[in-house]
Amino acid sequence: MVNDLCLEMLCNPSTHNKLIVDSNGIEEFLVDSSTGERFAIKEGIPSFISSEDIDGTNYDSTKFYNSFAPFYELGQKAYYAFLGGEEKARNDYLQFINVKEGDKVLEVSVGTGANIRFLPRNAEYYGLDISLGQLKQCEKNNKKYNLGLKLFWGNGEMLPFPDDSFDVVYHIGGINFFNDKKRAIGEMVRVAKSGSKILIADETEKVAKFFEKIPYFRGPFKNRKEAITAPVDLLPPNVKDIKVTEIRNGTLYCLEFTKI
Ligand SMILES: C[S@@+](CC[C@H](N)C(=O)[O-])C[C@H]1O[C@@H](n2cnc3c(N)ncnc32)[C@H](O)[C@@H]1O
């Protein structure tokens with residue numbers, strides 16, 4: 001069964017048409033009945049992208065995260081040990097969102113689901129990522145910590161959710177190297193309800209300058225075409241209360257705003 005998801009929360013990411021569940025007797029899949037387009041369900045995870053569709057910097061980052069996924073949490077924990085522990089370090093940015101009881105919350109680029117553990121349990125969580133390796137680790141955490149997280153394989157630049165679906169939308173740590181940041185931000189705003197808070201956080205230029213010297217991590221940082229800044233200039237017109245805060249000694253920007 002489709003990881004207990006509500007079909008009303010899903011759509012074809014290209015047409016935004018509603019989807020229905022169909023089966024060929026062996027496996028279930030999702031279908032856009034207007035266009036006939038089918039989306040596989042892999043190990044309970046609805047899949048809105050295939051490996052062949054991933055190109056550009058999305059390809060580089062997916063390749064990196066697929067290979068790094070088994071070590072991702074260990075690496076993060078080691079890093080966070082220097083920042084006063086994981087809970088404190090994640091709350092450095094999670095403090096900018098306010099999850100209330102019953103909220104529908106979307107994390108774009110959910111990774112291994114590590115942020116969800118530090119958010120209130122009485123909300124409904126949805127996570128999408130482009131790396132299947134990260135999603136597989138996330139599914140393990142989902143079971144281990146009983147997160148009730150609904151997972152989707154897809155590209156943050158084309159979300160498989162209808163307009164005005166979520167009370168909170170946030171993204172941490174990947175957007176600097178998305179193929180099309182403007183499109184991804186437009187998508188986060190599209191799927192948020194009017195009045196919803198949106199948070200986008202990622203590393204600053206200061207971190208890029210550090211990582212471009214380290215061989216294993218160098219790739220995306222070395223190839224950046226311009227200095228990293230919070231993508232305020234890419235916001236669509238239907239947002240207000242825009243605020244940028246740099247935290248952790250200027251290493252992470254947090255861009256917060258509200259959908260009008
Ligand atoms: C640094 S990790 C952050 C994971 C999680 N948000 C966290 O805070 O632990 C960045 C994530 O962005 C994902 N990502 C990169 N490009 C993406 C894209 N175009 N669409 C969706 N996710 C993407 C990667 O696969 C990776 O899991």
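Helix 1 (residues 56-81) packs against helix 3 (residues 132-144) at an angle of about 30°, and their axes lie 7 Å apart. Angles under 35 degrees count as roughly parallel. Helix 1 and helix 3 are therefore roughly parallel to each other. The model is a predicted one.

Which residues make this contact? From helix 1 come Y65, N66, A69, P70, Y72 and E73; from helix 3 come L132, G133, Q134, Q137 and N141. By class, the contact has five nonpolar, five polar and one charged residues.

Now the cores. In soluble globular proteins, nonpolar side chains tend to be buried together.

| Core | Size | Residues |
|---|---|---|
| Largest nonpolar core | 36 residues | most contacts inside it: L106, F161, V169 and F257 |
| Second, separate core | 31 residues | including I49, I97, Y170 and I172 |

V169 is one of the residues with the most contacts inside the largest core. Leaving out residues up to four places away in sequence, V169 touches L106, V108, M188, V191, A192, K197, I198 and L199.

Last, a loop. N155 sits between strand 7 (150-153) and strand 8. Is N155 buried or exposed? Buried means under 20% relative accessible area. N155 has 14%, so N155 is buried. Beyond residues up to four places away in sequence, N155 touches I49, N58, L128 and I130. I49 also belongs to the second core.

Terms used
Residues numbered from 1 in each chain as written. Predicted model: local features only at pLDDT ≥ 70, side-chain atom pairs only at ≥ 80, totals over all residues. Heavy atoms only, no water. Core = buried A, V, L, I, M, F, W, Y, C linked by side-chain atoms within 4.5 Å. Buried < 20%, exposed > 50% of the residue type's maximum accessible area, 1.4 Å probe, protein only. Contact = heavy atoms within 4.5 Å. Axes fitted to C-alpha atoms, helices over the stretch in contact; angles between N-to-C directions. Helix = DSSP H or I, 4+ residues; strand = E, 2+ residues; numbered from the N terminus. Parallel < 35°, antiparallel > 145°, perpendicular 65-115°, else oblique. Nonpolar A, V, L, I, M, F, W, Y, C, P; charged D, E, K, R; others polar.
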